[in-house]
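The sequence and structure are shown first, and the description follows.

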Amino acid sequence: MTSRPVIDDLSSFWMPFTANRQFKAAPRLLESAKGMYYRTTDGREVLDGSAGLWCVNAGHAREEIVAAIAQQAATLDFAPTFQMGHPLAFEAARKVAEVMPAGLDRVFFTNSGSESVDTALKIALAYHRARGEGQRTKLIGRERGYHGVGFGGISVGGIGANRKAYSGQLLPAIDHLPHTHSPEHNAFSKGQPAWGAHLADELERIVALHDASTIAAVIVEPVAGSTGVLIPPQGYLQRLREICTKHGILLIFDEVITGFGRLGKATASEYFGVTPDIITMAKAINNAAVPMGGVAASRTIHDTIVNGGAPGAIELFHGYTYSAHPLAAAAAIATQDLYRREGLFARAEALAPKFEAAAHALRGEKHVKDVRNLGLVAGVELESRDGAPGARAYEVFVKCFEAGVLIRFTGDILAFSPPLIVSEEEIARLFGTVRDVLATVQ
Ligand SMILES: Cc1ncc(COP(=O)(O)O)c(C=O)c1O
């Protein structure tokens, strides 16, 4: 394949979540991808240790998905789903529903994780209103939570930098649980930390403060990813579930990262044996081949809203032009079939102990102050440089990329989440490269 010329004017594209000036002074440009590897515009192969952005779970450019998209583009490029439909929308929803926990089989399609979160929050409000408890409007998130970048998502989210510039206009009726990360108790936990279930009881304190009758929903990531891989303590999610049920509060799991095999099961809900009322998803729903997200709601929620409307009336005033876009739906069907045919979730489960061992082998390396993991996700926290938080992890990230390995970083935490097709050799190379790089950074 001939390389396309690299454009030399990078100024027009205002890049998301990027230090624009720094990047454009020394760009890292990817040109193609196949399986576990990216290829850069200067012809280098780069092992994908982060499944793109935690999303390409089946590996890149899978033929079945590519073919499904190409065929769909030539057959039905677009069809509205407002008062109209196309068969693939319904089939994609059914396929997704099949791998959701029992009872969460009503699927609303969006185009991203952010939209899924805002959709879920709206569904929670609409549900309480439909059942005559419209005063339940408060939403509870968690410190360090990442729920995308919509105003709903940043309001329930708990990452200061994502809220600061917009703080004057966040949603008004919000509270936050404390996060569960406590290095003094949890450092170097393999899998779920033993300490910290009691932090879920903070929800009782919040309920006592606001009164349960004003609270619509609690939203958490079962495993927090973007904030730097925070693994829930043993028993924590079960406790949240119990408290929500006791007070009639909906529990929303934001599974945008954990959905579709990251922990070795279709969902984190299945992995932990805790069923929420609503699951948000995106990314690996269709292997990130076309933008798509979704919200799975319980039948009770769906039926309360849908059966509560007058006949002939629209029941939920919400939706996107591209909800269940034909190309995204075709990709979702092909992806779900691929996951099943290749048993990729079970593959991730089988690889998890090796992945854990490889990650924890970094314990004792220079700068490493914590390693944490679950399924095929791991976080390695580094000591921050005095006066320059994040600088060390950024340097590790750049040097790894130069050495042919793509990882993620947030603050001074390195994050690992390879496609589920990763081999044991590639796992060894991923963490081995990081070890070599760590030895070279100050
Ligand atoms: C848990 C979670 N929710 C929501 C989002 C937002 O997804 P998107 O970037 O597709 O809007 C992300 C993105 O990483 C996420 O990790």
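This is a predicted model: local features need pLDDT of at least 70, side-chain atom pairs count only at pLDDT 80 or more; totals for chains, interfaces and linings use all residues.

The domain assignment of the protein chain places residues 20-61 and 343-438 in domain 1, and residues 66-342 in domain 2. The centres of the two domains, taken over C-alpha atoms, are separated by 26 Å.

## The chain as a whole

The protein chain contains 16 helices and 15 strands. Its radius of gyration is 22 Å, close to the 22 Å that the globule rule gives for 442 residues, so the chain is as compact as a globular protein of that length. Along the principal axes, the C-alpha atoms of the protein chain fill a box of roughly 65 × 55 × 45 Å.

## The seven-stranded sheet

Seven strands form an open sheet with mixed pairing, and their order is β4-β10-β9-β8-β7-β5-β6. At its edges lie β4 (106-110) and β6 (174-177), each of which pairs on one side only. From one strand to the next, the twist averages 20°.

Within this sheet, strand β7 (residues 215-220) and strand β8 (residues 250-254) run parallel and are joined by four bridges. Val220 has Phe253 in β8 as its bridge partner. Helix α9 (residues 202-210) packs on the sheet, where it touches β5 (138-142), β6 and β7. The direction of helix α9 makes about 155° with that of β6.

## The four-stranded sheet

A further open sheet is formed by four strands in the order β1-β2-β3-β13, and its pairing is also mixed. The edge strands here are β1 (30-34) and β13 (405-406), and each pairs on one side only.

Strand β1 and strand β2 (residues 37-40) run antiparallel, with four bridges joining them. The bridge partner of Ala33 in β2 is Tyr38.

## Surroundings of the ligand

The ligand has 14 residues around it, of which Ser112, Gly113, Ser114, Gly148 and Val256 come nearest. Which helix gives the largest share of the shell around the ligand? That share, three residues, comes from helix α5 (residues 113-130).

By class, the shell around the ligand divides into seven polar, five nonpolar and two charged residues.

Note on methods:
Residues are numbered from 1 along each chain as its sequence is written. Two strands pair if DSSP finds at least two bridges between them. Helices (H or I, at least four residues) and strands (E, at least two) are DSSP runs, numbered from the N terminus. Axes are lines fitted to C-alpha atoms, for helices over the stretch in contact, and angles run from 0 to 180 degrees between N-to-C directions. Two residues are in contact if their C-beta atoms, placed from the backbone, lie within 7 Å. A residue is near a molecule or strand if its C-beta atom, placed from the backbone, lies within 6 Å of it. Ala, Val, Leu, Ile, Met, Phe, Trp, Tyr, Cys and Pro count as nonpolar, Asp, Glu, Lys and Arg as charged, and the others, Gly among them, as polar. Domain bounds come from an automatic or database domain assignment. The radius of gyration is taken over C-alpha atoms; the globule rule is 2.2 Å times the number of residues to the power 0.38.
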